[in-house]
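Hi,

Here is the structure I promised to pass on. Have a look at it first, and my notes follow below.

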Amino acid sequence: MVKVTVKVDQQNCYTGFVCSGHAGYGEPGYDIVCAAISILTQTIVASLETLVGLPLQIKADQKQGYLECNWVNQPESTDRSNLLTKTLILGLSEIQAQYPNHIS
């Protein structure tokens, strides 16, 4: 099962997320649930870097199915980073609704 944890600061602004594990829905390399989760998380990371301009601290281990992404909010970018993180949460929630035994 993939476990996703979203981090927030004292002002309830998003500051990062951790995604770990494998969905176990299909064979490695052919698991559509893992693929969907991966594309969402990778897109959010790229968007935070490219569109928002946030410097990110990233730890990743593809074999372990681990991605950790952290950032420090800047006053001028918090609204955009929050929106992108809400988009990630929405997408992951939709996957969870369809595959509840494979993502939490």
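Let's start in a loop: asparagine 12 sits in the one between E1 and E2. Keep in mind that this is a predicted model. Asparagine 12 has a relative accessibility of 61%, and since exposed means over 50%, that residue counts as exposed. Its backbone is worth a look too. Most residues other than glycine have a negative phi, but asparagine 12 has a positive one, near 60°.

Now for the sheet. It is open, with 4 strands in the order E1-E2-E4-E3 and antiparallel pairing. At the edges you'll find E1 (3–8) and E3 (56–61), each of which pairs on one side only. From one strand to the next, the twist averages 10°. Strands of a sheet pair through backbone hydrogen bonds. For E3 and E4 (residues 66–71), the antiparallel pairing runs over 6 bridges.

Is alanine 36 buried, exposed or partly exposed? Its relative accessibility is 27%, which lies between the 20% and 50% cut-offs, so alanine 36 counts as partly exposed. Alanine 36 and glycine 91 are 55 residues apart along the chain, with 9.0 Å between their C-alpha atoms.

Cheers

Methods:
Residues numbered from 1 in each chain as written. Predicted model: local features only at pLDDT ≥ 70, side-chain atom pairs only at ≥ 80, totals over all residues. Heavy atoms only, no water. Pairing = 2+ DSSP bridges. Helix = DSSP H or I, 4+ residues; strand = E, 2+ residues; numbered from the N terminus. Axes fitted to C-alpha atoms, helices over the stretch in contact; angles between N-to-C directions. Buried < 20%, exposed > 50% of the residue type's maximum accessible area, 1.4 Å probe, protein only.
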